[in-house]
Amino acid sequence: MSMKGWLARIAAGSGLAVAALTAQAYTETSGGYNMPVGVTEISREVHGLHMLVFWVCVAIAVVVFGVMTYSIIMHRRSKHPKPADFHESTLVEIIWTTLPFVILISLAVPAAGTLIRMEDTRNADMTIKVTGYQWKWQYEYLGEDVSFFSTLAPASNQARQLGSGVDVNTVDNYLVDVDHPVVIPVGKKVRFLLTSNDVIHAWWVPELAVKKDAIPGYINEVWTKVEQPGTYRGVCAELCGRDHGFMPIVVKVLPEAEYQAWLAQQKGGEVVAAAEPVAATDAVVDAPAAAPVVAPAAAVEVAAAEPAVAAPAELSKDALIKQGEGVFKANCMACHQANGQGLPPNFPTLVGSAVVGGPAAAQIAQVINGKNLMPPFKQLSDADIAAVITYTRNSWGNDSGMVQPSDVATAR
Ligand code: HEC
Ligand SMILES: [Cu+2]
């Protein structure tokens with residue numbers, strides 16, 4: 001096989017192709033090849049520094065390669081068979097010591113100023129704690145009692161499955177879209193506290209010029225103040241395991257009033273962590289929320305995607321199944337496959353499985369606590385766990401009844 005063929009195979013096999021696609025997806029939003037200018041004062045400064053250093057490098061390259069090219073051509077052997085043999089020029093040595101020193105200082109001074117401003121997280125208007133998980137992000141609005149998980153959007157997740165048959169070019173924002181974006185108000189200084197629950201991740205949103213490691217046991221601080229409403233996308237920037245390429249970040253920046261409306265919606269109750277927005281909207285789970293509906297017309301789109309969910313009571317079977325399908329696609333499909341048949345021998349089929357057909361308590365315990373290669377899902381809400389279990393108990397020919405959120409609450 002040709003070299004190119006091998007390279008292509010290696011790239012495909014190791015997921016590099018996926019990484020390249022992801023990178024492409026967000027550089028496209030920033031004009032192609034260069035770093036984005038971004039939408040914050042800091043991001044513009046960072047971009048300015050980047051361009052300053054770039055042009056200094058270009059100037060140095062022109063001078064150095066100019067002198068080299070001139071010397072190679074004008075002092076070639078056919079012209080100067082007998083080379084000059086001088087050495088030790090104090091003047092030249094002073095120049096080539098001081099000049100780089102001056103260049104470095106002139107770059108370090110503005111860079112240090114920007115770095116200091118980047119690190120200054122004082123006087124923030126609000127704080128969001130961001131926790132990295134393999135392979136999702138959790139956002140907690142400190143002092144607001146609002147917290148949710150943000151996972152790869154169902155459309156991307158479905159398309160990326162082995163043999164999904166979906167052409168990824170038809171998926172909007174493939175691999176850079178999530179089910180629950182983190183929402184912040186425009187023009188407010190937002191402080192993010194970054195940490196991790198398992199391995200080191202990194203929270204990176206190029207257009208905010210924010211990139212910082214999320215390390216277990218440590219809290220790192222970053223901040224941003226976004227000047228224009230919009231949706232800004234990023235990815236995890238620290239190789240964190242198998243699904244590193246599948247834990248994107250979406251920051252949705254709203255005008256203050258819309259943000260407040262969104263926040264009020266979230267406070268209406270427990271937020272469904274991973275259900276498909278469509279499923280969640282229709283589900284009967286949306287028992288009337290305590291919070292008054294204050295959403296102005298402009299916020300309707302957000303409101304529809306993020307319904308306030310009151311502490312769930314008894315749910316109908318259809319509602320559970322519908323919500324459960326979304327939860328399954330977001331959390332279980334990678335191992336158990338969309339058709340429930342898994343990838344034996346490691347990932348068992350759920351079709352006709354003894355656990356799925358057996359007593360509900362055992363299945364609840366397994367989903368909450370995990371088992372061997374299956375990770376625990378205790379971070380999901382009671383409603384999500386009840387829904388996904390009911391979904392598996394009533395899909396692909398399985399028929400073994402339903403589980404209510406209260407059953408899950410009892411089992412915890
Ligand atoms: C990382 C891969 C992985 C994910 C994600 C995963 N599982 Fe599993 N699951 C497994 C493995 C492995 C087993 C077998 C565990 C054992 O018995 O050793 C299993 C077993 C099960 C079983 C028992 C099947 C049987 O007959 O033994 C059920 C039910 C189940 N999983 C449900 C779920 C649900 C619901 C989700 C999503 C909330 C989920 N799983 C997500 C890997 C996974
Ligand atoms: Cu990560």
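Around a metal, donors are N, O and S atoms within 2.8 Å (3.2 Å for Na, K and Ca), and water is not among the atoms, so sites may look incomplete. Four donors count as tetrahedral if all angles lie between 85 and 135 degrees; four count as square planar and six as octahedral if opposite donors are over 155 degrees apart and all others between 65 and 115, and anything else is irregular.

The model is predicted: local features need pLDDT of at least 70, side-chain atom pairs count only at pLDDT 80 or more, and totals for chains, interfaces and linings use all residues. Residues are numbered from 1 along each chain as its sequence is written, chains are lettered from A and ligands numbered from 1 in the order in which they are written, and side-chain values use heavy atoms, with hydrogens and water left out.

The copper ion (ligand 2) is held by H201 (ND1), C236 (SG), C240 (SG) and M247 (SD), at 2.0 to 2.6 Å. The arrangement is tetrahedral because the 4 donor atoms subtend angles of 94 to 127 degrees at the copper ion (ligand 2). For comparison, ideal angles at a metal are 109.5 degrees for four tetrahedral donors, and 90 or 180 degrees for six octahedral ones. Along the chain, the donors of the copper ion (ligand 2) follow the spacing H-x34-C-x3-C-x6-M. Among them, C236 belongs to strand β9 (residues 230-236) and M247 to the loop between β9 and β10 (249-254), 11 residues apart. Helices (H or I, at least four residues) and strands (E, at least two) are DSSP runs, numbered from the N terminus. A residue is buried under 20% relative accessible area, exposed over 50% and partly exposed in between (1.4 Å probe, protein chains only). C236 counts as buried because its relative accessibility is 4%, and M247 is buried at 1%.

H336 is in helix α10 (residues 333-336), while M374 is in the loop between α12 (360-369) and α13 (382-393); the pair links parts of the chain 38 residues apart. H336 is buried, with 11% relative accessibility, whereas M374 is partly exposed at 21%.

Aromatic side chains come next. Rings of Phe, Tyr and Trp (its six-membered ring) pair if their centres lie within 6.5 Å; planes under 30 degrees apart count as stacked, over 60 as edge-to-face and the rest as tilted. The count by this rule is 11 aromatic pairs. One of them joins F54 and W55 edge-to-face, with 5.0 Å from centre to centre and 70 degrees between the planes. F54 is partly exposed at 40%, and W55 is exposed at 52%. The pair of F328 and Y391 is tilted, because the planes stand at 50 degrees, with ring centres 5.5 Å apart. F328 lies in helix α9 (residues 317-331) and Y391 in helix α13, so this pair ties together parts that are 63 residues apart in sequence. Both residues are buried, F328 at 1% and Y391 at 9%. Elsewhere, ring pairs link Y139, Y141, F148, Y259 and W262 into a cluster.

Some rings also carry a charge over them (NZ of Lys or CZ of Arg within 6 Å of the ring centre and within 35 degrees of the ring normal). The charged end of R160 sits over F246, 4.1 Å from the ring centre, and that of K189 sits over W223, 4.2 Å from the ring centre.

The two helices joined by F328 and Y391 can be checked for length. The expected span of a helix is 1.5 Å times one less than its number of residues. For the 12 residues of α13 it gives 16 Å, and the end C-alpha atoms are 16 Å apart, which agrees. In α13, 12 of its 12 residues are buried. These buried residues pack against α9, α11 (354-357), α12 and α14 (405-411), where contact means heavy atoms within 4.5 Å.

For the protein chain as a whole, the secondary structure comes to 14 helices and 10 strands. Of its 412 residues, 40% count as buried.
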